[in-house]
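Hello,

Here is the structure I promised to pass on to you. My notes on its cavities and helix packing follow below it.

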Amino acid sequence: MTEVVDRTGTSPDASAPKAITGHPAIDVAALGEQLLGKWADIRRQARDLSARPELHKTEGLTHTEHRKRTFGQLSFLVDNGAVHRAFPSSLGGSDDHGGNIAGFEELVTADPSLQIKAGVQWGLFGSAVMHLGTEDHHRKWLPGIMNLDIPGCFAMTETGHGSDVASIATTATYEPATQEFVIDTPFRAAWKDYIGNAAIDGLGAVVFAQLVTLGVNHGVHAFYVELRDPATKEFLPGIGGEDDGVKGGLNGIDNGRLHFSAVRIPRTNLLNRYGNVDVDGSYTSPIASPGRRFFTMLGTLVQGRVSLDGAAVAASKLALKTAIQYATERRQFNASSPTEEEVLLDYQRHQRRLFTRLATTYAASFAHEQLLQKFDDVFSGAHDSDADRQDLETLAAALKPLSTWHALDTLQECREACGGAGFLIENRFASLRADLDVYVTFEGDNTVLLQLVAKRLLADYANEFRNVDFGVLARYVVGQAADVAIHRTGLRQVAQFVADTGSPQKAAIALRHEEGQRALLTERVQSMVAEVGSALKGASKLPQHQAAAVFNLHQDDLIDAAQAHAELLQWEAFTEALNQVADPGTKTVLTWLRDLFGLSLIEKNLSWYLMNGRLSMQRGRTVGDYINRLLIKIRPHALDLVDAFGYGPEHLRAAIATGAEKTRQDEARDYFRAQRASGQAPVDEKSILARQAGGKPTQS
């Protein structure tokens with residue numbers, strides 16, 4: 001083991017480094033490189049760009065001013081070569097799909113509005129043309145999209161249909177006589193809504209509509225539609241819209257509504273990679289199944305969820321770096337000394353509220369790197385089978401909800417942990433939380449996404465028994481019955497209690513071992529999926545309304561199972577990352593942090609483990625105690641763990657993370673020390689009363 005910097009806060013000057021030997025130390029530089037991941041160089045470039053004042057959010061602007069500033073910042077990104085990575089090399093791009101996402105998600109540190117508006121322009125509008133269109137479409141529109149000559153919209157969501165894209169009501173009806181599609185929004189609920197760039201800036205749009213030709217509806221397809229006259233910025237004939245106005249956050253983006261009345265576009269404006277209409281109106285597609293075709297088209301646009309996952313993790317890192325830095329400097333209450341106040345981070349509860357979220361952020365960061373690698377494998381063509389695409393969709397749908405919910409929770413907890421200072425806009429918690437609020441509902445509502453994950457889990461569960469004979473299935477059912485019996489009747493609880501009696505240490509060791517945690521987390525997922533799968537068995541053969549009712553009875557259980565599955569994925573990603581750590585000190589500390597994450601999940605769901613017989617009461621009681629012991633171990637390394645995130649003052653831009661609090665605290669301590677040393681300090685009334693109560697003479 002190497003020498004460690006002690007930041008426990010127990011010395012007179014808690015924030016000053018004090019070397020002690022015999023303790024693990026973190027190699028901050030190496031850990032930082034690991035966190036940067038495969039696209040480390042691109043992340044560094046993006047962070048250098050995000051550090052530029054030209055891209056920073058200016059607090060206090062009106063939404064009109066903020067929108068104008070954000071649009072100007074898009075040009076800054078173009079001028080600095082930050083937007084072309086994912087586009088074809090033939091058009092000046094670099095075909096780097098993973099690197100593109102890694103760079104874009106770092107923009108959240110500059111201004112979330114910029115990150116999302118850039119995502120609308122190049123990650124949604126541009127990507128839809130690239131992935132759903134053909135080379136003719138690429139040559140015609142991508143150069144203007146890339147250089148911002150064509151600001152555009154991704155017009156999918158409707159006022160009446162958000163997550164249910166398959167049911168959108170806008171239509172594109174083909175007329176063979178004119179060789180044109182006619183775009184219509186037949187009623188108010190069919191208006192395209194919440195569309196970035198729609199209120200002011202968008203000149204073009206990829207509009208998603210039901211494709212109707214020769215009297216047949218072939219489902220949702222994408223169409224390129226010109227919205228405004230480039231010279232006047234006025235809507236073209238048949239197109240109208242409204243401004244969504246001021247929002248709860250992200251006010252640098254001009255979200256708006258669009259509607260279409262008999263808007264005619266050429267047949268060739270259909271983005272026809274997955275479905276084509278010939279001159280005579282006949283429809284063809286390389287994918288025969290309408291359902292599979294629909295999900296394939298939507299699957300090409302998964303990068304929005306991937307980038308939100310990464311941006312949410314980045315925001316959590318910013319918050320924790322600021323809050324933990326402040327907590328090592330801020331002092332409050334004389335808990336263990338009559339003269340010295342305690343550093344906030346030495347309080348157990350403060351450690352609980354920040355370190356558990358720090359552990360989750362590390363888990364989410366490692367899981368995101370795996371998601372980004374999977375995304376790059378699919379979109380680069382390295383691994384692009386149907387199974388690979390389904391796995392990518394499921395992984396993105398599992399991780400995006402957890403990371404975006406976690407970001408909101410972390411920002412709020414860090415805000416509260418910093419007291420009144422945390423509420424000041426200058427420290428960014430409140431601003432970032434407002435901007436990230438909508439991350440949990442766009443690019444897929446989190447609850448709906450988890451339901452998609454649950455359905456995939458159920459499908460995999462069902463496939464295990466699709467082709468087995470009756471004897472195998474019967475043995476499985478008997479095994480399940482025996483498993484339920486041993487858990488529900490308390491037999492396993494009794495066995496654990498006998499093994500653990502008189503030895504809480506044994507229980508703690510069993511919980512802290514990697515395989516013990518994996519078994520508990522995995523068993524929970526498997527059990528929950530099996531239980532719901534059994535309850536839904538045969539529902540597909542019922543009439544639709546009855547099947548829906550059965551499914552609805554178990555919807556909450558399904559979503560809980562999906563969330564448990566996503567948490568297991570994060571834990572596994574953290575564990576796999578541990579295996580890549582060479583430095584023994586770093587590996588020891590990260591193992592403590594991984595254990596804190598795993599045991600926090602078990603503690604959160606302790607009632608389930610107890611009710612289902614997965615843990616005895618004896619072991620259940622040890623979970624909280626062991627977590628508290630981990631907090632003590634992690635405490636000296638807290639600053640190193642957040643320093644490894646690699647965000648400097650130019651990214652944090654929080655007044656309380658500049659060292660100003662340490663300066664104030666040191667000034668106060670020096671003042672009182674000098675006062676006591678001078679002998680002129682006033683006598684505390686309580687000390688006089690204490691002496692009187694003890695019969696001692698008072699000081700004259």
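A search of the whole structure turns up five cavities of 30 Å³ or more. Here a cavity is a set of points, on a 1 Å grid over the protein atoms alone, where a 1.4 Å probe fits but cannot get out, and its lining residues have an atom within 4 Å of a point. Grid points are joined across faces, edges and corners, and a volume is the space filled by probe spheres set on the points. Please keep in mind that this is a predicted model, in which local features need pLDDT of at least 70 and side-chain atom pairs count only at pLDDT 80 or more, while totals for chains, interfaces and linings use all residues. Residues are numbered from 1 along each chain as its sequence is written, and side-chain values use heavy atoms, with hydrogens and water left out.

The largest cavity holds about 100 Å³ of space. It is lined by 13 residues, and R43, E105, K317, S365 and H368 are the closest to its centre. At least two lining residues come from each of α2 (40-50), α8 (303-327) and α9 (348-380), and α8 gives the largest share, four residues. Helices (H or I, at least four residues) are DSSP runs, numbered from the N terminus. By class, this lining has six charged, three polar and four nonpolar residues. Ala, Val, Leu, Ile, Met, Phe, Trp, Tyr, Cys and Pro count as nonpolar, Asp, Glu, Lys and Arg as charged, and the others, Gly among them, as polar.

For the second largest cavity, the volume is about 60 Å³. Its lining consists of A46, L49, L77, A82, V83, R85, G103, F104 and L107, with α2 and α4 (97-105) as the elements that give two or more residues. Seven of these lining residues are nonpolar, one is polar and one is charged.

Now to the helix pairs. The axes of α4 and α9 come within 7 Å and cross at roughly 140°; axes are lines fitted to C-alpha atoms, for helices over the stretch in contact, and angles run from 0 to 180 degrees between N-to-C directions. The two helices α4 and α9 are therefore oblique to each other. On this scale, angles under 35 degrees count as roughly parallel, over 145 as roughly antiparallel, 65 to 115 as roughly perpendicular and the rest as oblique. H97, G98, I101, A102 and E105 of α4 make the contact with H368, L372, F375, D376, F379 and S380 of α9, where contact means heavy atoms within 4.5 Å. This contact has five nonpolar, four polar and two charged residues.

Further along, α20 (residues 584-604) packs against α22 (residues 617-634) at an angle of about 155°, with axes 10 Å apart. That makes α20 roughly antiparallel to α22. Their crossing is left-handed, that is, the near helix is turned anticlockwise from the far one by less than a right angle. Among the residues in contact are W592, L596 and L599 of α20 and Y626, I627 and L630 of α22. By class, the contact has 11 nonpolar, two polar and three charged residues.

Helices α17 (residues 514-536) and α19 (residues 555-578) also pack at an angle of about 155°, with their axes 9 Å apart, which makes α17 roughly antiparallel to α19. The crossing of α17 and α19 is left-handed. Residues that meet here include L521, V525 and M528 in α17 and L558, A561 and L568 in α19. The contact of α17 with α19 has 11 nonpolar, four polar and seven charged residues.

Best wishes

How values were computed: On a 1 Å grid over the protein atoms alone, a cavity is a set of points where a 1.4 Å probe fits but cannot get out, and a pocket is an open set with protein on both sides within 12 Å along at least five of seven lines; lining residues have an atom within 4 Å of a point.
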